[in-house]
Amino acid sequence: MTDIAVVGFAYAPHVRETHGTTNGVEMLVPCFQELYENLGITKSDIGFWCSGSSDYLAGRSFSFISAIDAIGAVPPINESHVEMDAAWALYEAWVKLVTGEVDTALVYGFGKSSAGTLRRTLSLQLDPYLVAPLGLDSVSLAGLQARMGLDAGKWTAEQMAEVAVRARASAKNRPDAQISGDVTVEELLAGPYVADPLRAHDCAPVTDGAAAIVLAAGDRARELCENPAWITGIEHRIDSPNFGAADLTTAPSARAAASAATGGDRAFDLAEIHAPFTHQELILRDELGLTDDAVVNPSGGPLTGNPMFSGGLERIGHAAQAIMDGRAGRTLAHATGGAVLQQNLVAVLEGRN
């Protein structure tokens, strides 16, 4: 099979609200320019483009077409789109590269979450017949999941708060993080509930943002990057949308995706996990087979900034960047989509001498 690697990664600062249009152009252009400059390429060097976003978030149909203005009209491009997190756009681009049709691809995702009420907007992706009529929003559903785990004794409020404490501390060295700093478990647990048993620290903040990754195959990857992050495993799975028929304290699709992507080898220098809620990181640690002392989300993760439809792509980007910078030799990246960890993608990245 063709060797494929991440050779470039760029992302927009995580902010509560950006000013301007909702099509993502203002956030994407700096990301593209950074990649062009770092890799010494131009738009013409990209063989395939693939994006991830949501028309529901933008509030109009075919919103991703407007975002293509960030690429430019000339010369024409080979382009595709997924209506979900751009981590799945990366999977599509990876498949495109595997075919040998192109040797480079640029994947990007964007979302202006501040344009509406995010927790209500995300409820539009629920099963329209059995779940959506219940009137549940994304945070309330996560609260039900957290309560099930608390009542079953699988985790405690203190353990959930510890996840937030570690995330904020890890983000201190990132000036573009939305939330960072030193806090204590006691300080966090003194806060009010937003959806019992979830407090504000348990939930990823509403974030506007965008991210982009360049993939390259074989010798082209070695030309563009001194130490490419080779994708040695990638897979995605989905669980039933019938939440009443599932044990929400587990994530079978994450376990299955990890098993397929890792081949059973769970030794990693670090893992970037896309868990928008503290208790979901605890679930994913178990399902992904990570040890208690595993280095998880050294970037701070989604609890310090979670731009919709690029947050999962950023996990792959940060995991790859650690390899490209020489800070890690083998990393795991995870992305999720849908409510209560319904969809999960796992990628394994490795550096080679």
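## The largest pocket

Five elements each supply at least two residues of the lining of the largest pocket: α2 (55-58), α5 (118-121), α6 (138-151), β10 (306-307) and β11 (330-337). Helices here are DSSP runs of H or I with at least four residues, strands are runs of E with at least two, and both are numbered from the N terminus. Everything in this report comes from a predicted model, where local features need pLDDT of at least 70, side-chain atom pairs count only at pLDDT 80 or more, and totals for chains, interfaces and linings use all residues. Residues are numbered from 1 along each chain as its sequence is written, and side-chain values use heavy atoms, with hydrogens and water left out.

How much space lies in the largest pocket? The volume is about 980 Å³. The lining has 40 residues, and the closest to the pocket's centre are Leu118, Leu122, Gln125, Ser138 and Met308. By class, this lining divides into 23 nonpolar, 13 polar and 4 charged residues. Here Ala, Val, Leu, Ile, Met, Phe, Trp, Tyr, Cys and Pro count as nonpolar, Asp, Glu, Lys and Arg as charged, and the others, Gly among them, as polar.

How is a pocket found? Rolling a probe the size of a water molecule over the atoms shows where empty space is left. On a 1 Å grid over the protein atoms alone, a pocket is an open set of points with protein on both sides within 12 Å along at least five of seven lines, whereas a cavity is a set of points where a 1.4 Å probe fits but cannot get out; lining residues have an atom within 4 Å of a point. Grid points are joined across faces, edges and corners, and the volume is the space filled by probe spheres set on the points.

## The second largest pocket

The second largest pocket holds about 360 Å³ of space. Its lining has 17 residues, and Lys154, Leu282, Ile283, Arg285 and Asp286 lie nearest the centre. Two or more lining residues come from each of α7 (157-170) and α11 (278-287), with α11 giving the largest share, 6 residues. By class, there are 5 nonpolar, 4 polar and 8 charged residues in this lining.

## Aromatic pairs

A pair of aromatic rings is described by the distance of the centres and the angle of the planes. Rings of Phe, Tyr and Trp (its six-membered ring) pair if their centres lie within 6.5 Å; planes under 30 degrees apart count as stacked, over 60 as edge-to-face and the rest as tilted. The whole structure has 5 aromatic pairs. Phe9 and Tyr11 make a stacked one, at 5.3 Å centre to centre with 25° between the planes. Are these two residues buried or exposed? Both Phe9 and Tyr11 are buried, where buried means under 20% relative accessible area, exposed means over 50%, and partly exposed is in between (1.4 Å probe, protein chains only).

Why is the pair of Tyr91 and Trp94 called tilted? The ring centres are 5.6 Å apart and the planes stand at 40°, so Tyr91 and Trp94 form a tilted pair. Both residues sit in helix α4 (residues 86-98), and because they are 3 residues apart, about one helical turn separates them. Tyr91 is buried at 18% relative accessible area, and Trp94 is buried at 14%. Elsewhere, Phe32, Trp49, Tyr108 and Phe110 form one aromatic cluster.

## Nonpolar cores

In soluble globular proteins, nonpolar side chains tend to be buried together. A nonpolar core is a set of buried Ala, Val, Leu, Ile, Met, Phe, Trp, Tyr and Cys residues joined through side-chain atoms within 4.5 Å. The largest one has 67 residues, and Val6, Phe32, Leu90, Leu106, Tyr108, Leu215 and Leu349 have the most contacts inside it. Helix α4 gives the largest share of this core, 9 residues. Apart from this core lies another, of 28 residues, including Leu150, Ala261, Ala271 and Leu341.

## Backbone details

Pro197 has its place in the loop between β5 (193-195) and β6 (198-199).

Asn297 is not a glycine, yet has a positive phi of about 50°. Asn297 belongs to the loop between α11 and β10 and is buried, at 4% relative accessible area. Leu341, also not a glycine, has a positive phi of about 60°. Leu341 lies in the loop between β11 and β12 (343-350) and is buried, at 2%.
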